[in-house]
Amino acid sequence: MTTPPPAAARVSPWVLSAFWFGTAFHWLLLLLILMPANVVRFVGEGQKGTYLGTLTAVGAVMALVLPPIIGARSDRTGRRLPYIRLGLGVNLAGLAVMAFAATALVGLGGFWVYVLGFLLVQFGNNYATAPYSALIPQLVPPEQRGRYSGVMGLLQAVGQLLGAVTAFVVGLLKLPVLVSFALIALVLFVPALITLRGVPEREGPPAHTPAQPALSWRQLFAYQPFLWVFVTRVLFALGQYSVQPFLQYYNVDVLRQRDPATSTSIMLVCIIVGSIASALIGGRISDRVGRKPVIYVAGSAMAAAALLLLVAPSYPTALALAVFFGLGFGAFTSVDWALGSDAMPSASSYARDMGIWHVAFVAPQLSSAPQGALLDWGNAQGGNLGYTLVFGIAALFFLLGVVLVRNVPEVMRGRAHAT
């Protein structure tokens, strides 16, 4: 099967990736800052973990199920922008419901209204991002995808950094929670408008030809480039979620920090700054030397940082390792979208296939629960064994990703695929 690549990119990478910047800001501020605090307000300290876990799990399930379905629908119509517009509107409505519950309601009744708002947010955001994810393989020729992917990774990191800084400023000034929700809505809406106004819309349904059939799910995973890109993305995400949820506990138990919230925030900023530094250059390098060499270096750096954090003698050393990890993570992110785009087998199903590919990043989030249990069991044995196990498993996942990405065929040039 031969899938002809786009003739030329017709949109700036900054315009194309603007919506991803707003989405990154949206999720960092909402998931890591607002939701934990809001849940405590509704249910109190004693049950905060249970209710926050329930809220997060419900959202993760929707993020798993919805993108492939909406992506397939978008492929059938050949349209992307109407789905982004509708999804954005539902997303903003959900934020309004969450803000109302967080400011005007209390108790379990308020919590369930808050859950309703979060479901609307998840539905709207995933409804928009599934067709949006198809725009890089649809609009950008293979030889430019590293550059475009690098810009997307850079804007994602900058959006997260802005979210962390915004949370710090809002907390420092003790501004009402409504201000945070308003900022999320604004920073989501304006970049989305830039993308919607700057991306050309294809008119009418896609032209299906015998040379470009839409593959079934079984055929999709039988297609080797997609299969191995999916598997390696799962492994890298498992490594990330083996460590990320427990950084605050690591700061207390291993680094002996008295203010774990502040010390963890500083560590996250170091990771993000490192990722910004490498995101754009990693994508450009991959256009010249291929995607896999960048993945080799990035994954090895992330694995080394995870292991070295176990023996970091001081907090400043841990911060330096956080920057090092961020350099690897930014380089990986810069190539991630390009590698996924290169592996799409058919232009007839870009949005559905990118939605399925996105599951490889979302599903590993569910591994945090067993990893947390392993952490508690290991630490109960003494000597911070739990951190050795969890961080060691993270390094193993990263290294497996590096090894197995070698199985991904280099499809960037020529793109002659046989099935």
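**Close-up 1. Val390 in helix H16 of this predicted model.** Val390 sits in helix H16, which covers residues 385-404; helices here are DSSP runs (H or I, at least four residues), numbered from the N terminus. Val390 is buried at 0% relative accessibility, where buried means under 20% relative accessible area, exposed over 50% and partly exposed in between (1.4 Å probe, protein chains only). Leaving aside residues up to four places away in sequence, Val390 touches Ser242, Phe246, Gln371, Leu374 and Leu375, a contact being heavy atoms within 4.5 Å. Residues are numbered from 1 along each chain as its sequence is written, and side-chain values use heavy atoms, with hydrogens and water left out.

**Close-up 2. Helix H1 against helix H6.** Two packed helices are described by the angle between their axes and the distance between the axes. Here H1 (residues 13-43) and H6 (residues 145-173) pack at about 35°, with 7 Å between their axes; the axes are lines fitted to C-alpha atoms, for helices over the stretch in contact, and angles run from 0 to 180 degrees between N-to-C directions. The crossing of H1 with H6 is right-handed, that is, the near helix is turned clockwise from the far one by less than a right angle. Residues in this contact of H1 with H6 comprise 20 nonpolar, 6 polar and 1 charged. In this classification Ala, Val, Leu, Ile, Met, Phe, Trp, Tyr, Cys and Pro count as nonpolar, Asp, Glu, Lys and Arg as charged, and the others, Gly among them, as polar. H6 itself has 29 residues and reaches 42 Å from its first C-alpha to its last, close to the expected 42 Å, a span taken as 1.5 Å times one less than the number of residues.

**Close-up 3. Two loop residues with positive phi.** Most residues other than glycine have a negative phi. Lys174 has a positive phi of about 55° although it is not a glycine, and this residue lies in the loop between H6 and helix H7 (177-198). Lys174 is exposed, at 72% relative accessibility. Arg256, also not a glycine, has a positive phi of about 60°. Look for Arg256 in the loop between helix H10 (247-253) and helix H11 (260-289), where this residue is exposed with a relative accessible area of 62%.

**Close-up 4. The buried face of helix H7.** H7 has 22 residues and reaches 33 Å from its first C-alpha to its last, close to the 32 Å expected at 1.5 Å a residue. Its buried residues are Ser180, Phe181, Ile184, Val187, Leu188, Pro191, Ala192, Thr195 and Leu196. Seen down the axis of H7, these residues fall within an arc of 155°, so they line one face of the helix; the arc is that of the directions from the helix axis to the C-beta atoms. The buried residues of H7 pack against H1, helix H3 (81-104), helix H4 (107-133) and H6. One of them, Ser180, has a relative accessible area of 4%. Beyond residues up to four places away in sequence, Ser180 touches Leu29, Leu34 and Val170.

**Close-up 5. Helix H9 meets helix H14.** The axes of H9 (residues 224-243) and H14 (residues 350-362) come within 7 Å and cross at roughly 35°. From H9, the contact is made by Phe226, Val229, Phe230, Arg233, Val234, Ala237, Gln240 and Tyr241, and from H14 by Asp353, Ile356, Trp357, His358, Ala360 and Phe361. By class, the contact of H9 with H14 has 10 nonpolar, 2 polar and 2 charged residues.

Close-up 6. Ala322 belongs to H13 (residues 315-342) and is buried, with a relative accessible area of 3%. Not counting residues up to four places away in sequence, Ala322 touches Met267, Cys270 and Ile271. Ala380 belongs to H15 (residues 368-380) and is exposed, at 64% relative accessibility.

Definitions and conventions. Predicted model: local features only at pLDDT ≥ 70, side-chain atom pairs only at ≥ 80, totals over all residues.
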